[in-house]
Protein chains: 2
Amino acid sequence: MNSKFLDDVTHVKSSSKTLPERVADQIRQLIIDRHMENGDQLPNEFELAQQLNVSRGSVREAVKLLVARNVLELRRGKGTFIADNTGVVDDPFGFAYLEDEPRLANELMDIRRQLEPWIAAKAAEQANDQDIAELRVLQYKVEELIQSGQDHLAADQQLHIRIADCTDNRVLHELVPVQETIDTHAAVVDAIAAHDPEAAREAMQEHLKHNRLSLTGASE
Amino acid sequence: MNSKFLDDVTHVKSSSKTLPERVADQIRQLIIDRHMENGDQLPNEFELAQQLNVSRGSVREAVKLLVARNVLELRRGKGTFIADNTGVVDDPFGFAYLEDEPRLANELMDIRRQLEPWIAAKAAEQANDQDIAELRVLQYKVEELIQSGQDHLAADQQLHIRIADCTDNRVLHELVPVQETIDTHAAVVDAIAAHDPEAAREAMQEHLKHNRLSLTGASE
């Protein structure tokens, strides 16, 4: 990926950047240029300081910034590595700082209603047998957790992300929003297993409709 | 906003967190609990260290983490303030680290084709006269830049974000993806000005179709 693109997507304002921020940009570029990925080890502080012609202190501060941005992770006694889901942060849109949680829930649900039926239809077209087997496992897991009265939020999110992963669109993996849900997953997975996009779309619409009722009730 | 929600959206794994990360979480919670927003000043290092019962060094490291996550910003000689677009980071999904730029462009375009016609239709329903006047200004600005052969990417993005801001959905402001485009904006703004959702949807679809052709050409 070229540096023009990196500049575009990260809106580089180099004039106002501190030295550690500029060193962090150089390390970002090095990761991209060398096609480093999740689990690869970064050169150590001494080597980086030499290569980038800056002090070790600046490298250390830059690494802290990149850890905060989930580009790098420190493994105690082992060194610095490229993080899983490189550069993808928790709560990337700062939802925690938005006022009015019920309104936010509705805003997210509005977007889900646009995207998730389409994702389900794409999944029905593109899912292979392995995908479907894994969806079934997650569907049963969610059902089991609900029946035994346990928290099923994490498993539920996993299922929605796994449905998105049946498509060939990597962005959807990040985009499938974080929202509490209830049931009606069975119909969605059934339709994907039958490779029936129209039924998958409808089942997901139905699922989100139930969801909305539950959210509206819970958020008051 | 309650701390249960913050935990949910930020996937707190407190066991594996460093001290500065835990102090950063406490400062996040303080910002939320006090309803602090963009431009409000954070208590100084000394006060925070006392309130949170930690060292000033830990507060300083925590503040660095929150600056890296665009929660806080430092103003030289003035202090630490809540950042504009609190907690919203550049390139939140780490696109810079994904391989295969042409594929990424197509993945983003696929999602835009789902969302933007719907956004245009919502804007047509909800835009007021002020919204429409501002859209016209941006539309003319993009046209002018194109005609004079200047870079219109930033103005183009502004227009798409402003269209999203005609809706009452705050999440769309963050979600409208970053992608290079060409023209055909006039028809979109015309339809929004006429409060005609169907025409707005179609104009945006047409706009994205042109776009795709240009992207496919440019990305080979």
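Both B:K122 and A:D110 are buried, where buried means under 20% relative accessible area, exposed means over 50%, and partly exposed covers what lies in between (1.4 Å probe, protein chains only). The side chains of B:K122 and A:D110 form a salt bridge with N and O 2.8 Å apart; the term stands for a side-chain nitrogen of Lys or Arg within 4 Å of a carboxyl oxygen of Asp or Glu. B:K122 sits in helix α5 (residues 101–126) of chain B and A:D110 in helix α5 of chain A, so this pair joins two chains. Helices (H or I, at least four residues) and strands (E, at least two) are DSSP runs, numbered from the N terminus.

A word on the ground rules: this is a predicted model, in which local features need pLDDT of at least 70 and side-chain atom pairs count only at pLDDT 80 or more, while totals for chains, interfaces and linings use all residues. Residues are numbered from 1 along each chain as its sequence is written, chains are lettered from A and ligands numbered from 1 in the order in which they are written, and side-chain values use heavy atoms, with hydrogens and water left out.

Now for the interface as a whole. Chain A and chain B each put 53 residues into the contact, contact being heavy atoms within 4.5 Å. About 5600 Å² is buried between chain A and chain B, and carbon and sulfur atoms give 60% of that; buried area here is the accessible area (1.4 Å probe) that two parts lose on being put together, summed over both. Of the interface residues of chain A, 100% are also interface residues in chain B, so the copies meet through the same surface.

Polar links turn up here too. Between chain A and chain B there are 6 salt bridges, one of them pairing A:E61 with B:K64 at 2.9 Å, N to O. Across the interface, 16 residue pairs are in polar contact, both residues at pLDDT 80 or more. A polar contact is a pair of N or O atoms within 3.5 Å; within protein, one must be able to donate a hydrogen and the other to accept it, and residues adjacent in sequence count only if both atoms are side-chain atoms. On the side of chain A that touches chain B, the elements giving two or more residues are α1 (3–10), α2 (19–33), α4 (56–68), α5 (101–126), α7 (153–165) and α8 (170–175). Helix α5(A) supplies the largest share, 11 residues. That side of chain A divides into 26 nonpolar, 10 polar and 17 charged residues, with Ala, Val, Leu, Ile, Met, Phe, Trp, Tyr, Cys and Pro taken as nonpolar, Asp, Glu, Lys and Arg as charged, and the others, Gly among them, as polar.

How do the two copies relate?

Over all chains the salt bridges come to 28. Among them, A:R28 pairs with A:D25 at 2.9 Å between the closest N and O atoms; both residues lie in helix α2 of chain A, 3 residues apart, about one turn of the helix, and both are buried. In chain B, B:R201 and B:E198 meet at 3.6 Å, N to O, and both lie in helix α10 (residues 197–219), 3 residues apart. B:R201 counts as partly exposed at 29% relative accessibility, and B:E198 is partly exposed at 42%. Finally, salt bridges that share partners join A:E61, A:K64, B:E61 and B:K64 into one network.
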